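I opened this notebook to record what I looked up in one structure. The entries run from the overall fold to single residues.

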Amino acid sequence: ASGMARLRSEAWLESHWFPIDYEPFFDRILAQGRPRLVVLVETELWPAALAAFKRRGVPVAVVSARLSARSARGYRIAAPLM
């Protein structure tokens with residue numbers, strides 16, 4: 001919550017909660033303008049969201065992500081599917 005308060009205090013930043021991995025939701029957000037960068041603040045890497053950003057050429061950064069060695073191996077294996 002404190003991070004969201006900080007984001008809202010910066011006029012040049014925009015923040016959205018992603019309640020579900022539903023492509024029309026992301027399309028609606030992206031139709032409002034083209035972001036220069038999407039920053040995901042967790043490891044919830046949702047395929048529909050990533051596909052929507054990629055289709056529009058929007059780079060994605062994942063920050064504050066904690067992955068175990070086991071999870072990292074799983075993401076590497078699943079990378080071609082995403």
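**Entry 1: fold**

I counted secondary structure first: the chain has four helices and two strands. For these I took DSSP runs, with helices as H or I of at least four residues and strands as E of at least two, numbered from the N terminus. Read from the N terminus, the order is α-α-β-α-β-α.

I noted the ground rules before going on. The model is predicted, so local features need pLDDT of at least 70 and side-chain atom pairs count only at pLDDT 80 or more, while totals for chains, interfaces and linings use all residues. Residues are numbered from 1 along each chain as its sequence is written, and side-chain values use heavy atoms, with hydrogens and water left out.

**Entry 2: extent, surface and burial**

I took the box along the principal axes: the C-alpha atoms fill roughly 40 × 30 × 20 Å. The accessible surface of the chain is about 6,400 Å², and carbon and sulfur atoms hold 58% of that. I used Shrake-Rupley areas with a 1.4 Å probe; for residues, only the protein chains shown count as cover.

Then I looked up burial. Of the 82 residues in the chain, 18% are buried. My cut-offs are under 20% relative accessible area for buried, over 50% for exposed, and partly exposed in between (1.4 Å probe, protein chains only).

I also checked contact range, where contact means heavy atoms within 4.5 Å. Among contacts in the chain with a separation of 6 or more, 32% join residues 24 or more positions apart.

**Entry 3: the nonpolar core**

Which residues make up the largest nonpolar core? I listed 12: Phe25, Phe26, Ile29, Leu30, Val38, Leu40, Trp46, Ala49, Leu50, Ala52, Phe53 and Val58. Two or more of them come from each of α2, β1 and α3. A core here is a set of buried Ala, Val, Leu, Ile, Met, Phe, Trp, Tyr and Cys residues joined through side-chain atoms within 4.5 Å.

I followed Phe26 next. Beyond its neighbours within four places in sequence, Phe26 contacts Phe18, Ile20, Asp21, Trp46, Ala48, Ala49, Ala52 and Phe53.

**Entry 4: helix α3**

I went along α3 for burial. Ala48, Ala49, Leu50, Ala52 and Phe53 are buried there. Their cover includes α2, β1 and β2 (60-62). After α3 comes Gly57, with a positive phi near 70 degrees.

Ala52 sits in α3. Is Ala52 buried or exposed? Ala52 counts as buried because its relative accessibility is 0%. Leaving out residues up to four places away in sequence, Ala52 touches Phe26, Asp27 and Leu30. Ala52 and Asp27 are 25 residues apart in sequence, yet their C-alpha atoms are 6.9 Å apart.

Phe53 is also in α3. Phe53 has a relative accessible area of 3%, so Phe53 is buried. With residues up to four places away set aside, Phe53 touches Phe18, Phe26, Leu30, Val38, Val58 and Val60. I put its C-alpha at 9.3 Å from that of Pro35, 18 residues away along the chain.

Val38 belongs to strand β1. Val38 counts as buried because its relative accessibility is 10%. Outside the four places either way in sequence, Val38 touches Phe53, Val58, Pro59, Val60 and Ala61.

Leu45 lies in the loop between β1 and α3. Leu45 is at 22% relative accessibility, so Leu45 counts as partly exposed. I found 11 Å between the C-alpha atoms of Leu45 and Ala78, which are 33 residues apart along the chain.

**Entry 5: the largest pocket**

The largest pocket has a volume of about 1,100 Å³. A pocket is an open set of points on a 1 Å grid over the protein atoms alone, where a 1.4 Å probe fits, with protein on both sides within 12 Å along at least five of seven lines; lining residues have an atom within 4 Å of a point. Points are joined across faces, edges and corners, and the volume is the space filled by probe spheres set on them.

The lining has 27 residues, and Glu14, Ser15, His16, Val38 and Val39 lie nearest the centre of the pocket. Elements giving two or more lining residues are α1 (2-9), α2 (23-31), β1 (38-40) and α3 (47-55). β1 gives the most, three residues.

By class, I read 17 nonpolar, five polar and five charged residues in the lining. Ala, Val, Leu, Ile, Met, Phe, Trp, Tyr, Cys and Pro count as nonpolar, Asp, Glu, Lys and Arg as charged, and the others, Gly among them, as polar.
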